Amino acid sequence: MEKQQLALIIPAAGKGERLGNQVPKPYLKIAGKSILEHTLTRFKGVSGLGEVIVSTSEEYLLQTGELLKELFPDIATHAVPGGRERQDSIKNALGKISGKTGLIAVHDAVRPFVSRNDIEKCIKQASRWGGAVLAVPAKDTIKVAGTDLEIVKTPDRNTLWQAQTPQIFWAALFREAYQYAEVNRFHGSDDASLIEKMGGKVVLVEGSAKNFKITYPLDLQIADFLIQKEG
Ligand code: CTP
Ligand code: MG
C-alpha cells in the first residue's frame, strides 16, 4: 500500500481555566520555548507529514503562523482562529486541509511528551482500521457519580482506558464524522467519540503515561521538571 499523506491538526485555542494562568497554556514557556513549540517539535520529520494546522485565539494567530513556518519550512502550514469548544476549533482547522490528505491526526497543543515511536504506532493502526487513539489503562478505580456525588456504579477497571492524543483517522471518515456531529448537534470531549457516534471503528493503541495533558498546576510543575531534566 502506498504511504498516505498525513495532516496534523493542533487545537491550541483554549483558555486554560483549570490551570488558571493569564497566558493560555500553549503559550506558557518552559526552558525558553512555548509548550506549543515543544509539542510541534515532536512531529518534525514524522514520515508522510504534509500539512500542519494550528487553531488558536486571534491574538496568537500571527506569532503561531511564524512559528509554523520556522519549524516546518518544507510543508504547508496554517494558523486558523479557534472556536468556542475544542470541537469547533478542530472544525475550523479541517477547512484548510487539502484533498490529497489520506489521514488526519489531532494532537493537543498541551501534550509535549508524546514519543515519535507512539506517533508512528498510532499512524500504522489508523491506516489499518480507520481510526486509532493513543491510550493508557486506567490506573485508579473509576466511579460514576450522580449529581449529589452518590456513587452510581463502579465499572470494571480492566475495561477502562484513558484516551490521549494523537487520535488519527482516515480523512474521509473524519470529515464525515464532523459533518454527522454537526447535523445531529453532538458534542464529544474527544474526536474518536464523533466517529463512534456514527458507528465507525476506532482502536486503542497502548501509549505511555508520559504523554499526559497539561491541565492542572501540578501537571505544569511536572512538565517543567521533565523538560529541564531532558536539557
Ligand atoms: N482547545 C481549543 N479550543 C477550545 C478549547 C480547547 O483549541 N475552544 C485546545 C486547548 O488549547 C488544548 C486542547 O484543546 O490544547 C485540550 O483542551 P484542554 O486541555 O481542555 O485545554 P483548555 O480548554 O485550554 O483548558 P480548560 O478546559 O482547563 O479551560
Ligand atoms: Mg478545555
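Predicted model: local features only at pLDDT ≥ 70, side-chain atom pairs only at ≥ 80, totals over all residues.
Local features need pLDDT of at least 70, side-chain atom pairs count only at pLDDT 80 or more, totals for chains, interfaces and linings use all residues, and side-chain values use heavy atoms, with hydrogens and water left out. Residues are numbered from 1 along each chain as its sequence is written, while chains are lettered from A and ligands numbered from 1 in the order in which they are written.

**Ligand 1**

- Ser89 has a polar side-chain atom 2.7 Å from a nitrogen atom of ligand 1, a polar contact being a pair of N or O atoms within 3.5 Å.
- On the backbone, a polar atom of Ala13 is 2.8 Å from an oxygen atom of ligand 1, and an N or O atom of Ala12 lies 3.2 Å from an oxygen atom of the ligand.
- Of the 560 Å² of accessible area that ligand 1 has on its own, the protein covers 88% (Shrake-Rupley method, 1.4 Å probe).

**Second largest pocket**

- The lining consists of Ala31, Lys33, His38, Thr41, Arg42, Pro112, Phe113, Ile227, Glu230 and Gly231; a pocket is an open set of points on a 1 Å grid over the protein atoms alone, where a 1.4 Å probe fits, with protein on both sides within 12 Å along at least five of seven lines, and lining residues have an atom within 4 Å of a point.
- Helix H1 (35-41) and helix H7 (217-230) are the elements that give two or more residues to this lining.
- By class, the lining has 4 nonpolar, 3 polar and 3 charged residues.

**Strand S10**

- Strand S6 (residues 103-106) pairs with strand S10 (residues 161-170) in the antiparallel sense over 4 bridges; pairing requires at least two DSSP bridges.
- Leu103 has Trp170 in S10 as its bridge partner.
- Strand S7 (residues 131-137) runs antiparallel to S10 and is joined to S10 by 6 bridges, with Val136 partnered by Gln162.
- Pro166 is in strand S10, and the peptide bond from Thr165 to Pro166 is cis, with omega near 5°.

- Leu149 sits in the loop between strand S8 (144-145) and strand S9 (151-153), and its phi is near 70°, a positive value in a residue other than glycine.

Definitions and conventions:
Polar contact = N/O pair within 3.5 Å; in protein donor to acceptor, adjacent residues only side chain to side chain. Nonpolar A, V, L, I, M, F, W, Y, C, P; charged D, E, K, R; others polar.
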